[in-house]
Structure formats: C-alpha cells, structure tokens
Amino acid sequence: MAAYDLEEQEQLAELKTWWHQHGNRVTNIALIVALALAGWQGWNWWQRNQATQASAVYMGLEKAAAGKDALHARELAGELIDKYPRTAYAAMGALLSARVQTDAGDGKNAQAQLQWAADHSTDPALRDLARLRLAAVLLDAKSYDAALKALDGTPADAFAPRFEEMKGDIEAARGKVAEARADYESAIAKLEKLPADKGESGAVREPYHQVLQSKLEAMGAGK
Amino acid sequence: MFDFVRNNRRIVQVVLVAITLPFAFWGVDSYVRNASGGDDVARVGDSRISHQEFLQALQAQQERLRSSMGGRPVPQEMLDAPELREAVINGLIDQHLISLHATKSKLSVTEQQLAQFLASVPALQQDGKFSRERYEAVVAAQNMSIPAFEAQLRQNLTLQQSMGVVALPIVATDSARRWVAAELEEREVTDFVLHPEQFLAQVKLGTDAAKTFYDTNRKQFELPQMARVEYLVLSRAALGEQAKVSEEDISAWYKSHIDQYAAPEERRASHILIQADKSAPEAAVKAAQTKAEALLAELKKNPKEFAALARQNSQDPGSATHGGDLDWFRRGAMVKPFEDAVFSLKEGEISNLVRSDFGFHIILLTGIKPAHTQPLEAVRDQIAAELRDQVAAKKYAEMAEGFGNTVYEQADSLQPAADKFKLKIERSDWIAPQGAAPGPLANPKLRAAIFTDDAIKEHRNTSAIDIGNDTQVAARVVDYKPAAIRPFDEVKAAIEQKLARDEAVKLTRKAGEEQLARLSKGDAISLAWGKARNVPRMGVRDLAPDALRAIFRVDARKLPAYAGTALPDGGYALYRISLIKPWDGKEDDPRAKMLRQQYERVTAGEEVAAWLATLRQRYPVEINTKALAEK
C-alpha cells in the first residue's frame, strides 16, 4: 500500500465501496447488453439463412413460371408460404404463382395465394399489389362485392390511381355508370396530384393518364 | 491529460467499451463506411452514387443517344442538357433504390444459384457445356475481374428478383376489354373549318401599331456581326492526294501482307428450326424431335419444297420469312454442331436432324464459295490509298507544328505560310458567329477565334486551330461589319402583315367559339359541313390529337353534339358528331389484340412506376445539385 499516497488510497477505497454497491448491477447490465447484441446477430443470421434457402426455392419458381408449369409453380409457392412465411420471398412467390395460375385459367388458386400475400406480406407495397391483383381476379370471376372489399383500406399514394381505376372497372361491370365515372375521375385526380415523375419510369405515366381519360369518356360525359 | 483519465475513470471506461464493442460485433467496416466522399452526386438511403459512377452512366446514355441518331451528329447542347443529367441520375437512383430494397428485404443469390445461371448462358458454352476459359475471356473483354463481375451479376440477379414480380401485373380481362372498347368506339363526324384569311378584311391596325411592335421587339430585328475571311487548310487528307506511290512499293506491300487478301471458304445454307431449348422438359424435346423427323421425311420425298416448308414451319423467325435462308457465312459464325453439319454437306444436299442448343435443325446447303486469294490487280487501288495515307500521316506530323508557328510568328498575313507549305489561300463570303457556314468554317472553335478583338481589330491571323480529322485551319479577317438593327422602313411591311394575321387568328377563334356555343345551345345555323366520316377514339393519322380529344371529350349522350378546336395553322375547326358506333366486340380484330397488349404494357409500367415511387418515399433520397452540374 505504500506505493500509493494518501489521496490515492482514499480514491481506491472509494472505488471499492462503489464497486461493492454497484458492481453486480454493472456486470448484469454488461451481460444483458452482450446477450442482446449476440441475440440480434443470431436473429440476423437466422433470417439471412432462411432467405438464402427461400431464394433457391424462388429461383425454381421463376423457372416454372417461365415454362408456364402452373402445377409446379403452385407447389413451390406453397412451400415458400409454409416454410419461409417471414421472408420477402413468400409474398413474391405468391404473386408470381398467382400470375401463372391466372394465365392457366385457374382463378381459384390465384385468389388464395393473392389473399395470403395481401394479409401476410411484410412489405406494404407488395400488400397493395396483391390486393390490386386479387381484385382483378375477382372481377373476372364476377364477384364484384368481394373485389371491392379487397380494395378496402387506403393504399400508398402512388398506387391510388390504379386502385380507383379498378373500382371504376368493377362498378362499370355491374352497370353502375355514375359510380364508375366518379371512380375514374378520382383516379385521374389522384394521378395528377402525384409528384412530378422522376426516373426511367417517368415516361410511362402519360400513356396511363390517357388510358384513364378514355375510360372516363366512355362512361358518357367526359370532362 | 492523465489526471483527467484518473479522475474520470468511469467515463473513460464507458467510452472505451463503446468504441470496442462495435469492433467486436461489426468489425472495422462500421467505421470506414461512414467516411464520406464529399462530392457524391446523390445518396439513396445509406448507399451513395459517386461522381465517377454518374459520369460513366452519363457517357453511356450519350453514346446511346448518338447511336439512336444513326450516325448523324448530335448537337452538343443536347448532350450537355441538364435534363439529360437529371434523367441519368434519376435512373441511377431507381437502380440504387431497387438494390437497396432488395438488401433490406434480405434477397440474396447464392454461389450455387450464380453458377446455375452462368451455366445456362449460351455465350459461355463450348460444345453445349459451360466453359471456364470462355467465361474468363468474356469477362476479360469487359475489362473486369471475375470477383467484380460476379458481384455485379449477383446484384443484377437480385434486382431482377425484386422487380420481376412487380412488372408482371394480373390484368382483369374485363378491365382490358373496357379500354379496348373505349378506344375502338367510333364517332361519325363532319367538320367545318374557319380560316384566318377570311377574317383579314375585318382587321384594322392602328397607325402606329407596327412602330410600337418594332420598338418593343428590337431584338428580333438585330443583324449579327459579320466577317469575310481568308483561310488556309493543312490536312492529312489533302497531303494524301498529293503523295506519290511507286508500283514497286505497292507490290512489295502486297507480298508482305498477302494473308490480308486471302478469304476463307464461305457457305450459304437454309435451315428449318424446331425449337427445343436445352433446359426444356424431356417431353417437349421428344415432341419437337418427332415434328422435325416428320418434316425431314417429307423433305426427303420433296426436296424442292424446302423454302415453302421453312416458311410454314421454321421456328427461327429471322430466317423463316426468307424460306430459311441464312446468307453467306464463314466457319465460326454458327454454333458448333450446326457448323459441322454445314461444312460436311455437298451443295444441294439436305442434312439429317442436327441437334443444337436451340433445337433441331434440318439444313440445306445452297452454295459454296471456296477459299481464294484476291489478285494484286483487284486490290491495287486499296493498297495505293493505304500507302499514300501513310506518307501523308508522316508529312502531316512533320508539318503541323511548323504551320502553327508560321501563322503565329508572321501574324499580319497568311502568304508566308501559304508559300512555305504550298497551300492555296481560300476566301469566304460573309459569315456570322452563329448559324451555317461553308466547309471548315463551320467549326465552332474556329469561328470563335475569328470573332475576337485580336482578329478583327488588330488584324492578326488566328492561331492554327485543330478542327479534327488531322486538319488545321488558320484564318484572317479581311472585311468586317459590326452588329446592327435593321431599319424600320425595311421591315415595316412584314411587321404589318404579321400583326394583321395575328389579329385575324384571334377573330377566327372568337367566331369559332361563338358558333360552337350557339350550336351547342341548339340554335340552327346553316354551315357548309364537310363529308361525314367515322373516327375511332384511338385516332386516325390525319387528325391532330387536339381535335381527337375535342371530339371525344364532348358529352355525346344527346346527338348531334358539337365540338371545336383551334388548329395549329391559326384556323378553327367545328365538328358535328352525328352518330356513335360502339365497338362490335369482335375479339379477333387485330387492333383489339394490339390494344390488349398495349393495355397490359401500360398497366405494368404504371405499377412499376408506382412501386418505385413508394420506394422513394420509404428510403431517403438526396441529390447534390452542385455535384450533378459538375463536368
């Protein structure tokens, strides 16, 4: 102890009492932080691992889709939904397979897969797309009420014009001209309200504007 | 310092832990990544678009612009336009957004998937199998290393995964049909056109109208400064024309480059392809083979029918329309099994089935050009030109610097340089700083040099300006007119004519709109309506988009309905819609088919655009406008 002067001895003693009082708590906190970090890393690793496996299945699904193999596509999409429901691949698989089913004339299966994606996808944009596509399938099945119900709930602003157009198509299909006209008008208004377009996709919005305009005019009074 | 450490040990410890912990879990990377480049053009979430990446994309886009103009020169203003830069940066931002979104969604492509993809690319195959050498050669040809190439490829594949499903909409048959029906709806229309000429007589211009216009629009009547110049052109091309080449030189060159004039054997063949992709299911391959065998049997009986059968059956769209003809080709141009078959056939002979990665081929050999060497006579002119150009290049290199020095050192005349280099002094007519100019004077750098105080006031030669193509030009101003404004008397008549016409156009529109209002109210006005014709909403070639819109926007539930539109030539057209013909609903109408596809395309485009817009909202995007404008 002689190595320390008085002031230092005092400080040491102070430190010891402090450690005595708080030491356990400090160790516990450090331990919890370390465990939480390790857990976080582990969780990330697990997610990545799931995604990697799902990716392989999805690639098979893409191949099946390219070959228009509806049955195989359905099986692989089912596998993604069952085994990897928390990955982005599950919803992507459901959407892709639904398109293959629709092309093959199997609306029923497409409905089920789109409904799953609309309810469970973790990506809000994919949920909106799934609802839109679900409504399209239901429209062709003449289930107008169900189709409108799929479109319930506000989508992201950017998808709003497509939602309104789809509502207009549904109303027009069941002969409600005034409602359809209002929907198309609202679709145009929402498209025009979107911020000026940027990026390579900018060029496509004018043709879409004209599509909506034609549908509106065909309902009788244009603007 | 040490006192601080000793007195605040606890703080120091906490700080130390805070520094070391990230190391333990995330590595050094988490520190280095935050070091900013400073001049990034944009940030997308936590990824950056560097100035270099931006410039590369810009150059690629400019290159695309140039090739889309088909060899015609693209104006520099177009290449430098800020809009182009904006389009390029927004395209890059879209790419970064998709790739960032793919990362956040934990999309990934494994080694194995990458290998699978590479194995399926025909360009990387040899004898139907993935070839490592070929792969390395292809990557090296793009000036990339294998790891960099694979990283980029992997990114592209995840990008495709992420966007692929968005770009494949499900379009309700009913939605598409509704639009097709709208586009194919026809309206029976007659028109009546008012022309401004009819209203000229009613126009009364104030006495000083022309003068007022002249005073307020002086800029329009400015004449630019003009100069007449004499100039000298030193060019490699002209030197080449003067150069003399001896007969011995030509034959010596021919002998030493004989392999350039030897042409390998060429063959011409026709084929019928029945597609069967390498990766196609076995049943499909079998079906293709059966079909191909049936065709082959038919051809063995009737070899003359080859072209007709190819036209009907070949699944190679490029050649099928030409009866299967592939034109002349050499070894190395076709896939291996195909080539082997072609080069083992006799002229007029039909092959057995040949299996390639594309499918089953039946090949007819239609011609053989044996290997041959061009004689000296045939290539003499070509060689002479080549040799003359070599001489010219050497001479030009020797003379270029001296030329520049002479026109600079003896700046009060072009004569010394003309004498020294045996050039002829040319004279120009009046030229302005902008606009058209003949020959080398069209070069903007040269023109800028001519219109300087040095050349105009000091009467000095311009320096020798390199105008490209190994050509230098020096000029000197011999005559000069400063900028001026045309006198009022000279332009008065033209102004009055213009003002009168403007006024007549206004009167035309007003009259047209009045008549339209009365017609729409139901007033009976007798007009000399033209011949009725049917116009579909999708448009016809000779009807302007404005007119089409006017005709179809008007409420036509009560007929006749009336519409009107101002015409680009100043006239005003009135339209009477007398009948609406809905689409007959015949799905086999080729227009209906085309429109259905168009609807799906537009829908897909809209959904992708909307998706990208949501990504832009989800991840912060920041554009550095200063760095964007930088060269």
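This is a predicted model: local features need pLDDT of at least 70, side-chain atom pairs count only at pLDDT 80 or more; totals for chains, interfaces and linings use all residues.
A salt bridge is a side-chain nitrogen of Lys or Arg within 4 Å of a carboxyl oxygen of Asp or Glu. Arg162(A) lies in helix H7 (residues 160–173) of chain A and Glu607(B) in helix H24 (residues 590–618) of chain B, so the pair joins two chains. Arg162(A) is buried at a relative accessible area of 3%, and Glu607(B) is buried at 1%. Both belong to a network of salt bridges that also includes Arg133(A), Glu165(A), Asp169(A) and Lys215(A).

Asp94(B) is buried, with a relative accessible area of 6%.

Chain B also contacts chain A through helix H23 (residues 545–553): its buried residues pack against helix H9 (205–218) of chain A, and against strands E5, E18, E19 and E20 of chain B. Those buried residues are Ala547(B), Leu548(B), Ala550(B), Ile551(B) and Phe552(B).

Strand E12 (residues 359–369) of chain B has eight of its eleven residues buried, so it is largely enclosed by the rest of the structure. Strand E9 (residues 266–275) of chain B pairs with E12(B) in the antiparallel sense over ten bridges; Arg268(B) has Gly367(B) as its bridge partner. E11(B) forms a hairpin with E12(B), with three residues between them, and Arg355(B) is bridged to Phe360(B).

Methods: Residues are numbered from 1 along each chain as its sequence is written. Chains are lettered from A and ligands numbered from 1 in the order in which they are written. Side-chain values use heavy atoms; hydrogens and water are left out. Buried means under 20% relative accessible area, exposed over 50%, partly exposed in between (1.4 Å probe, protein chains only). Helices (H or I, at least four residues) and strands (E, at least two) are DSSP runs, numbered from the N terminus. Contact means heavy atoms within 4.5 Å. Two strands pair if DSSP finds at least two bridges between them.
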